[in-house]
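Hi,

Here is the structure for your review. My notes follow below.

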Amino acid sequence: MVLQRVVRAVIMGPPGSGKGTVSGRITKTFGLSHLSSGDILRANINAKTELGLLMKSCIDQGQLVPDDVMSRLILSHLRTIDQSSWLLDGFPRTVTQAEALDDAYTVDTVINLNVPFETIKQRLTSRWTHLPSGRVYNIDFNPPKRPGIDDETGEALVQRDDDKPETVTRRLKSYENQTEPVLEYYRSKGILETFTGTETNKIWPHVEAFLQSKFSSLRQKAA
Ligand SMILES: Nc1nc2c(ncn2[C@@H]2O[C@H](COP(=O)(O)OP(=O)(O)O)[C@@H](O)[C@H]2O)c(=O)[nH]1
Ligand SMILES: Nc1ncnc2c1ncn2[C@@H]1O[C@H](COP(=O)(O)OP(=O)(O)O)[C@@H](O)[C@H]1O
């Protein structure tokens, strides 16, 4: 589908709900640029930037990075792709971040993946990540062709330090306390669309159909 005007979308959901997986499908189908806050932070950690070194212990412990650091980081990335349609994944995670985003851009739509916590815990302990691209695999769901190796680059996959069971529990708590209020924030603006389920392959056709119709109505409004 060719988008006729710049579209700004956010994808939300607890850690492990499939945001990265669904974002990959959305970008492939609709051609939006995907910006993942977690991928940007991990790239900083990998490159040992000052920010990465400062934030590593916070992330490894399953805590959120401070709002001002995060908002500055994401908004500066967004400025570099100002003229393209984008999909933000992992930001905003607090109401303060959502307000900072609102001050700079009008968000058209927010996709919320509502997946039960029990499903998530199993998934995250078997997640394998290709750090440079953010591509994710799962031993049960979408295993790589060769164990431990990224299909596209042949590079190594890693298990994230924060995917340990006790850290996952902490991340889910912070999701409940700090991120769930963001859902309410977007619901009250009338732009939140929730998709509930336990399997990405069943959720995806609904997300795809919703975005097809959302994007064509935005196109008509722009015309
Ligand atoms: N078993 C199973 N695993 C899934 C499904 N959807 C995604 N995954 C895997 O679950 C893990 C978390 O998904 P991811 O997209 O990284 O979620 P995010 O943390 O919300 O970005 C990854 O290892 C995915 O490959 C699914 O429907 N079933
Ligand atoms: N918007 C954000 N605000 C604060 N911390 C963040 C944000 N995005 C990512 N982080 C930090 O990076 C970690 C990993 O984020 P992410 O890769 O989005 O996790 P997941 O894909 O499992 O939801 C978070 O647990 C948190 O420590």
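Which helix gives the most to the shell around ligand 2? Helix α2 (residues 37-46) does, with four residues. Helices here are DSSP runs of H or I, at least four residues long, numbered from the N terminus.

First, the ground rules. This is a predicted model, where local features need pLDDT of at least 70, side-chain atom pairs count only at pLDDT 80 or more, and totals for chains, interfaces and linings use all residues. Residues are numbered from 1 along each chain as written, chains are lettered from A and ligands numbered from 1 in written order, and side-chain values use heavy atoms, without hydrogens and water.

Confidence: the protein chain averages a pLDDT (per-residue confidence, 0 to 100) of 94. The complex has an ipTM of 0.97 and a pTM of 0.94.

Ligand 2: 20 residues surround it, each with a heavy atom within 4 Å. S37 puts a polar side-chain atom 2.7 Å from a ligand 2 nitrogen. For Q97, that distance to a nitrogen atom of ligand 2 is 2.9 Å.

Salt bridges: there are 15, each a side-chain nitrogen of Lys or Arg within 4 Å of a carboxyl oxygen of Asp or Glu. E184 and R187 meet at 2.6 Å, N to O. They sit three residues apart in helix α7, about one helical turn. D102 and K189 pair at 3.1 Å. That pair links distant parts of the chain, 87 residues apart. R127, R160, D162, D163 and R171 are linked in a network of salt bridges.

Best wishes

Methods: pLDDT = per-residue confidence, 0-100. Polar contact = N/O pair within 3.5 Å; in protein donor to acceptor, adjacent residues only side chain to side chain. Helix = DSSP H or I, 4+ residues; strand = E, 2+ residues; numbered from the N terminus.
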